[in-house]
Amino acid sequence: MPFFRKKKSKEGLNEDSIVYSMTPRHGHGQDVVDENGIRQVAGCLPIDPINKRFLLVTSASNPGSWVIPKGGWEKDETQKQAAMRETWEEAGVKGTITRHVGVFAEKSRHGVKAHHWIYEMEIKEVTKKFPEQKKRERRWFTYNEAMLVVKAHYIKDAISLSSLSPLVHPENLEEKKKKKKKKKKEKKDGDEEDDSEDDGEEKKKKKKKNKDEDNEDDEENDEDDEEKKKKKKKNKKKDGSDEDENGGQEGNEDEEKEKKKKKKKNKDGEITELSEEEIAKLQFSKLGLESKTDVPELVGTETRK
C-alpha cells in the first residue's frame, strides 16, 4: 500500500498528498543521501495559525528532549511527502504545507550528520490516535516557549525563521502589542463605563432627592403665600374702616384749622374779606331768618319808588 499519491487541484497543478496509514515506515535502506553521503531528512513545523503556537513532540531516543516531527526522506517520495508522512506518524497531525523554511545542517563532532528539509505546515486536524502515540508526547508551545525548550540549534534556527517569529515578521510582535494595548483599553473603558453607570445612578438619585425637596419647598411656599394673602386681605379691610374714620376726622380737623387760621389773622390785625356764604348768613340773621328758604312771599302788594 503506497504512502503517498499525486493529486490534481482545480487549477490543474499537482499537489503532494499522502495516505494516512497507522503502520509507520522504517525503510532506512531507502533513505536519500547526497553526493557526500550525508543523509537527507524532512520534517515540519506544525503551526496553529489562529492561536499562534507550535506543536512539538518528544524525541523517541531522548524523551526529555522536545523536537519537531521529522524523519528520513525515502527514494520513492518527495521532500514534502516525506515531511507530511513523518508529521503524521510522529505527531498525528494532518495539514497543508504552506512554505519551505529552509535546509538546515545537523552537526556532530565528526562533521555534518544530516541535512534537514524543514517545511511550515498549517494544521487542519490533530488526531487522538496515530502510529507513534505510545512512543512520543505532544505539547503546544508559543514562539518564546519553543525557543526555550528546544535544544537542537538547527531546530531553533528553523523556528526563528518561521511565520510566528517576530525577528523575521516584526508585524507579529507589533500585532501582539496592539492586541495587548486594545485589551488594556477595553478593560479600562469597561471600568470607566461601570464607574459612569454608578455615577449616573448616583446623579439620578440625587436629582430625584433634590426634586422632592424642591416640591416640598414649593408646597411650603404656596402655604406661606396663601397665608400672606389672607393676612393682607384682612389688613386691607381693617385699613378701609380706618380710612373712613380718618376721613371724618380729617374733615373736622380742616374746619378747625381754617377757624384757627382766621382767628389768628384777626388777632394779628389783618383785614379779611367775608365770603358770599358768610354775607348771606349775616343778611338773613338781620331779617330774623336762618336761610333763604325762610323768606315769605308778598301777595297783593306793590313796591313804591
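The paragraphs below go from the whole chain to the strands and then to the core.

This is a predicted model, in which local features need pLDDT of at least 70 and side-chain atom pairs count only at pLDDT 80 or more, whereas totals for chains, interfaces and linings use all residues. Residues are numbered from 1 along each chain as its sequence is written, and side-chain values use heavy atoms, with hydrogens and water left out.

The protein has 5 helices and 9 strands; here helices (H or I, at least four residues) and strands (E, at least two) are DSSP runs, numbered from the N terminus. Read from the N terminus on, these elements follow the order β-β-β-β-β-β-α-β-β-β-α-α-α-α. Of contacts (heavy atoms within 4.5 Å) between residues at least 6 apart in sequence, 61% join residues at least 24 apart.

Strand S7 (residues 93-108) runs antiparallel to S8, and 14 bridges join the two, while a hairpin of 2 residues leads from S7 to S8. Along this pair, glutamate 106 has alanine 114 as its bridge partner, and glycine 95 has isoleucine 123.

What share of the 305 residues is buried? Buried residues make up 27% of them, where buried means under 20% relative accessible area, exposed over 50%, and partly exposed in between (1.4 Å probe, protein chains only). In soluble globular proteins, nonpolar side chains tend to be buried together. A nonpolar core is a set of buried Ala, Val, Leu, Ile, Met, Phe, Trp, Tyr and Cys residues joined through side-chain atoms within 4.5 Å. The largest such core has 37 residues, and those touching the most other members are Leu45, Phe54, Leu56, Ile97, Ile118, Ile155 and Ile159. At least two residues of this core come from each of several elements, including S3, S7, S8 and helix H3 (153-160), and helix H1 provides the largest share, 5 residues.

Phenylalanine 54 shows what such a position can look like: leaving aside its neighbours within four places in sequence, its contacts include Leu45, Ile47, Trp140, Phe141, Ile159 and Leu164.

Methods. Pairing = 2+ DSSP bridges.
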